[in-house]
Amino acid sequence: MSHPETAAPPERFNFARHLMAVNAARADKSALIDDAGTLTYGQLADQIQRFASALAALGLRREDRVLLLMHDCSDWVASFLGALHAGVVPVCVNTLLTAKDYAYMLADSRAQAAIVSGALLPTLQSAMDGGAHEVKQLIVSRGQDLPAGAHDWAQLVAAHAHAAGADTHGDEPAFWLYSSGSTGSPKGTVHTQANLYWTAELYGKGVLNLRETDVVFSAAKLFFAYGLGNALSFPLSVGASVVLMAERPTPQATFKRMVDHQPTVFYGAPTGYGGMLASPDLPARSAVSLRLCSSAGEALPRDIGERWTAHFGCEIIDGIGSTEMLHVFLSNRPGDVRYGTTGKPVPGYEVQLRDEDGSVIDGHNRIGDLYIQGPSAALMYWNNRGKSRDTFQGNWTKSGDKYTRDPDGYYTYAGRNDDMLKVSG
């Protein structure tokens with residue numbers, strides 16, 4: 001189901017090419033601001049096409065998987081979009097995992113190459129040394145003393161000319177995200193080229209109302225579905241500027257970017273907002289330029305939202321999304337925030353509450369299992385038919401969350417189906 005005002009992308013659709021076309025007239029505008037400097041939209045388009053060409057030169061073919069294990073920086077964005085441009089499938093993974101986790105993901109995805117930040121290379125090498133799967137090409141971003149046979153990211157990009165790119169289908173597998181694996185092994189969640197378009201249209205434009213003049217900053221990293229929308233697909237779809245931070249989002253590190261780069265939109269999680277409000281270094285309202293904040297990952301406590309708004313004068317719109325749906329599908333709206341709730345369905349998505357028999361609950365204030373229908377649902381979990389069929393049920397996706405709905409149509413979180421304990425979100 002599409003939002004009535006949102007046109008579907010054409011059948012032949014490549015998200016990287018789409019972004020380059022959207023921003024063709026913004027070549028000199030700042031696209032990405034990371035710890036090393038600024039990349040303009042023109043420079044980003046150049047790097048995307050060169051990286052796509054480099055992947056082909058290294059022997060990677062369409063639909064081959066490449067592991068993407070990098071700290072947030074402009075190289076991450078150019079690598080991800082360069083792979084999409086080439087029709088190569090980036091498998092984006094959490095930077096905080098163990099060598100054992102990466103060995104599992106390399107084997108599960110059968111990644112033909114790995115792109116890694118220099119700081120994460122020792123952990124990945126340990127995974128590659130101990131794993132059963134052989135990675136044919138290793139590309140290192142911002143590293144020193146590269147192992148024999150490895151390629152330096154910047155040198156590789158500089159050495160290649162532009163590639164035409166792949167004529168991909170909008171429904172083609174484009175990238176993977178591994179779900180957190182709260183039950184059993186992590187699940188490779190397979191998303192399409194068009195799914196990025198849909199979340200950017202329905203939530204990025206439809207709810208956040210992002211615009212070219214915005215500067216955005218996400219404490220949630222790019223390897224999370226939430227961060228990928230926040231700091232890549234949403235802002236780049238409207239020509240906004242993005243602040244990227246490699247380090248962990250401590251209150252001090254976050255405040256520094258808020259003051260130095262003056263983002264207008266900030267995305268975080270409730271634990272992070274709580275930590276910032278408790279910090280003695282909390283900046284004054286006059287020191288920042290926030291117009292809107294977003295929260296996801298866990299339910300936002302009412303008092304945190306109210307205290308944040310009292311201090312900074314801007315709302316936090318709390319929402320819920322999932323790796324399976326790629327981004328937020330149920331959310332509060334700017335100007336219509338009801339703290340303590342997760343708001344209403346994002347236009348373009350339908351939600352249902354169902355009882356234990358699977359029947360739809362029409363009444364109010366009754367707890368039910370949350371199901372979602374919308375155009376950004378993943379195709380499947382890789383090599384996991386049982387869990388795929390349990391989660392992706394025809395047009396509907398089972399969230400695993402329990403919710404209630406009040407008479408005004410606002411949804412309130414009521415726990416997980418598996419009642420797992422999640423520490424610090």
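Start by selecting Asp 260: at 46% relative accessibility, this residue counts as partly exposed. Keep in mind as you click around that this is a predicted model.

Asp 260 and Lys 256 form a salt bridge, with 2.6 Å between the closest N and O atoms. Both sit in helix H9 (residues 251–261), 4 residues apart, which is about one turn of the helix. Lys 256 is partly exposed too, with a relative accessible area of 48%.

Next, hop over to Asp 408 and Arg 338. They make a salt bridge whose closest N and O atoms are 3.1 Å apart. Asp 408 is in the loop between strand S21 (396–405) and strand S22 (411–416), and Arg 338 is in the loop between strand S15 (328–331) and strand S16 (344–345), so this pair ties together parts 70 residues apart in sequence. Colour by accessibility and you'll find Asp 408 partly exposed at 46%, with Arg 338 partly exposed at 32%.

For the next stop, go to helix H2 (residues 41–57) and show Asp 46 and Arg 50, which are 4 residues apart, or about one helical turn. Here the salt bridge has its closest N and O atoms 3.0 Å apart. Asp 46 is partly exposed at 26% relative accessibility, and Arg 50 is partly exposed at 23%.

Definitions and conventions
Residues are numbered from 1 along each chain as its sequence is written. This is a predicted model: local features need pLDDT of at least 70, side-chain atom pairs count only at pLDDT 80 or more; totals for chains, interfaces and linings use all residues. Side-chain values use heavy atoms; hydrogens and water are left out. A salt bridge is a side-chain nitrogen of Lys or Arg within 4 Å of a carboxyl oxygen of Asp or Glu. Helices (H or I, at least four residues) and strands (E, at least two) are DSSP runs, numbered from the N terminus. Buried means under 20% relative accessible area, exposed over 50%, partly exposed in between (1.4 Å probe, protein chains only).
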